[in-house]
Amino acid sequence: MYVNQNIKPITTRTNSKGNLEISNCDLVDLANKYKTPLYVIDRVTLEQMALDYKQAFSKYEKANILFASKALMTGAIAQIFNRLGFGFDVVSMGEIYTLLNANIKLNKSSFNGNNKSADEIEFAIDNGIDHFSVDNFCELKLLNEIAKSKNKIQKIHLRITPGIECHTHEYIQTGQIDSKFGFDLSKIDKAVELILNEYKNLKLTGLHAHIGSQIFETQVYYDEAGVVLELVKKIKDKFNIELSEINLGGGLGITYTKEDNPPSVYEIADTIISSIEFHCRKFNLEKPVLYIEPGRSLVCSAGVSLYTIGSSKEIEGIRKYIAIDGGMADNPRPSMYQAKYYAEIANKKEENKPEKVTVAGKFCESGDILISDIELNSPSSGDILCVYDTGAYCYSMSSNYNRILKPAMVLINQGKSDIIIKRQTLNQLVENDVLLEE
Ligand code: LLP
């Protein structure tokens with residue numbers, strides 16, 4: 001089984017004390033040392049997935065892998081991907097700034113997003129972003145004006161809506177026709193015409209599509225590559241230019257619970273590569289440079305969240321709630337997408353007295369339920385709960401709801417642990433408050 005097909009980090013085991021351990025770090029010791037709630041990222045699992053991506057796509061001679069920063073952006077995580085040779089898919093000035101702050105150049109990165117501001121565009125150009133994935137006509141015009149004012153010819157891709165529906169939660173589908181992202185296929189001619197005839201400071205080198213997230217099917221990737229290459233062929237026939245780059249986005253799913261059954265990255269890579277080979281032959285095209293931009297599948301399985309169990313409430317004949325010291329502000333996914341998670345008690349593994357409970361967060365909303373109806377090993381106050389697969393879209397979507405402090409994050413690696421995000425402080429929480437004078 002490959003990393004994204006495992007619920008747990010690949011280094012997880014029970015140690016001689018009966019505690020859960022990841023990458024030779026006892027989770028109870030981590031909770032004591034750094035306090036809870038705590039995000040924990042296993043470097044071994046993360047790097048294994050990154051290497052699998054590289055290996056899987058090495059069969060295609062011209063592949064560039066970008067990490068979709070939105071899944072988990074911190075300076076240290078960015079440094080790891082940068083050292084492994086990855087570029088970045090960024091969507092805001094903040095993500096760009098985080099890279100620059102970690103001394104990472106933007107020369108392999110792509111700027112995505114459906115409403116980039118003039119300030120963001122300028123910032124990205126000034127800092128040498130490789131290319132923009134332009135989403136709409138308004139951006140084309142603005143980007144051309146800004147590039148012109150700087151005397152620069154800016155490389156771009158056009159983001160298209162490929163009209164492919166995949167079976168994932170509707171909030172994280174993006175490739176279907178009714179989407180806020182990208183140019184409809186029927187508008188592409190107009191966009192290319194404008195770039196070639198009017199927007200002289202833009203250089204169009206490729207097309208970009210992204211069909212959704214947490215995808216379990218391979219066929220949709222085959223179809224997506226086909227749609228994109230057919231468009232390359234149409235543009236070639238009509239405008240006599242052959243675009244040399246395609247970006248097929250991210251989206252590979254991971255195993256949150258045993259009901260999930262995602263393909264491996266090797267299956268996805270083989271599907272994409274065979275579709276490119278087939279369609280390039282069919283349309284008589286040169287094989288393009290391929291970009292992909294996975295987020296979740298690169299980091300999710302490497303991450304767990306540790307919480308301390310506090311109060312509990314039993315409703316006779318209905319259910320028992322156990323409450324943890326975090327919840328919807330450090331992991332909004334269950335309340336936003338009905339996302340399901342698997343968890344275990346990190347201490348006293350050997351007791352084995354399963355009890356069905358519902359794990360509630362501490363935030364002031366009835367919907368703040370992290371996991372409904374899960375069997376845990378005699379959960380009681382003071383126990384440490386380990387929730388798996390929180391590496392992606394948890395820290396990056398966290399908030400200060402109820403003015404609760406954001407947790408710290410530690411990177412663990414074969415017995416070593418290092419803080420990579422400090423726990424927020426009360427002072428930081430109020431530092432932007434401006435008090436009235438009277
Ligand atoms: N490229 C583009 C253009 C995207 O919009 C996304 C994700 C990705 C790549 C990376 O997709 P991934 O490999 O991570 O599936 N917050 C949601 C997921 C939103 C995904 C948004 N775009 C969640 O927690 O499930």
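This is a predicted model: local features need pLDDT of at least 70, side-chain atom pairs count only at pLDDT 80 or more; totals for chains, interfaces and linings use all residues.

Q: Where does Lys 353 lie?
A: Look for the elements on either side of it. Lys 353 sits in the loop between β16 (343-345) and β17 (354-360).

Q: Next, helices. How do I describe two that pack together?
A: Two packed helices are described by the angle between their axes and the distance between the axes.

Q: Which residues of α2 and α9 make the contact?
A: From α2 come Met 49, Asp 52, Tyr 53, Gln 55, Ala 56 and Phe 57, and from α9 come Val 265, Tyr 266, Ala 269, Ile 272 and Ile 273. Sorted by class, the contact of α2 with α9 has 9 nonpolar, 1 polar and 1 charged residues.

Q: Are α4 and α5 roughly parallel or oblique to each other?
A: Start with the numbers again. The axes of α4 and α5 come within 10 Å and cross at roughly 25°. These two helices are therefore roughly parallel to each other. α4 passes α5 in a left-handed crossing. In the contact, Met 93, Ile 96, Tyr 97 and Leu 100 of α4 meet Asp 119, Glu 120, Phe 123 and Ala 124 of α5. Those residues divide into 6 nonpolar, no polar and 2 charged.

Q: And how are α5 and α6 placed, parallel or oblique?
A: Helix α5 (residues 118-126) and helix α6 (residues 137-149) have axes that come within 10 Å and cross at roughly 50°. α5 and α6 are therefore oblique to each other. The crossing of α5 past α6 is right-handed. On the α5 side you will find Ala 118, Ile 121, Glu 122 and Ile 125, which meet Glu 139, Leu 142, Leu 143, Ile 146 and Ala 147 in α6. By class, this contact of α5 with α6 has 7 nonpolar, no polar and 2 charged residues.

Q: What should I look for in the backbone itself?
A: Most residues other than glycine have a negative phi, and most peptide bonds are trans. In this chain, Thr 36 and Pro 37 are joined by a cis peptide bond, with omega about -10°. Pro 37 lies in the loop between α1 (27-34) and β4 (38-42). Then there is Asn 103, which is not a glycine but has a positive phi of about 60°. You can find Asn 103 in the loop between α4 (93-101) and β7 (110-111).

Q: Last one: how many residues surround the ligand?
A: Begin with the count, then go to single atoms. 17 residues surround the ligand, and the closest are Ser 213, Arg 296, Arg 333, Tyr 337 and Tyr 393. A polar side-chain atom of Ser 213 is 2.3 Å from an oxygen atom of the ligand. For Glu 293, an N or O atom in the side chain is 2.9 Å from a ligand nitrogen atom. His 210 has a side-chain N or O atom 3.5 Å from a nitrogen atom of the ligand.

Conventions
Residues are numbered from 1 along each chain as its sequence is written. Side-chain values use heavy atoms; hydrogens and water are left out. Contact means heavy atoms within 4.5 Å. Helices (H or I, at least four residues) and strands (E, at least two) are DSSP runs, numbered from the N terminus. Ala, Val, Leu, Ile, Met, Phe, Trp, Tyr, Cys and Pro count as nonpolar, Asp, Glu, Lys and Arg as charged, and the others, Gly among them, as polar. A residue is near a molecule or strand if one of its heavy atoms lies within 4 Å of it. A polar contact is a pair of N or O atoms within 3.5 Å; within protein, one must be able to donate a hydrogen and the other to accept it, and residues adjacent in sequence count only if both atoms are side-chain atoms. Axes are lines fitted to C-alpha atoms, for helices over the stretch in contact, and angles run from 0 to 180 degrees between N-to-C directions. Angles under 35 degrees count as roughly parallel, over 145 as roughly antiparallel, 65 to 115 as roughly perpendicular and the rest as oblique. A crossing is left-handed if the near helix is turned anticlockwise from the far one by less than a right angle, and right-handed if clockwise.
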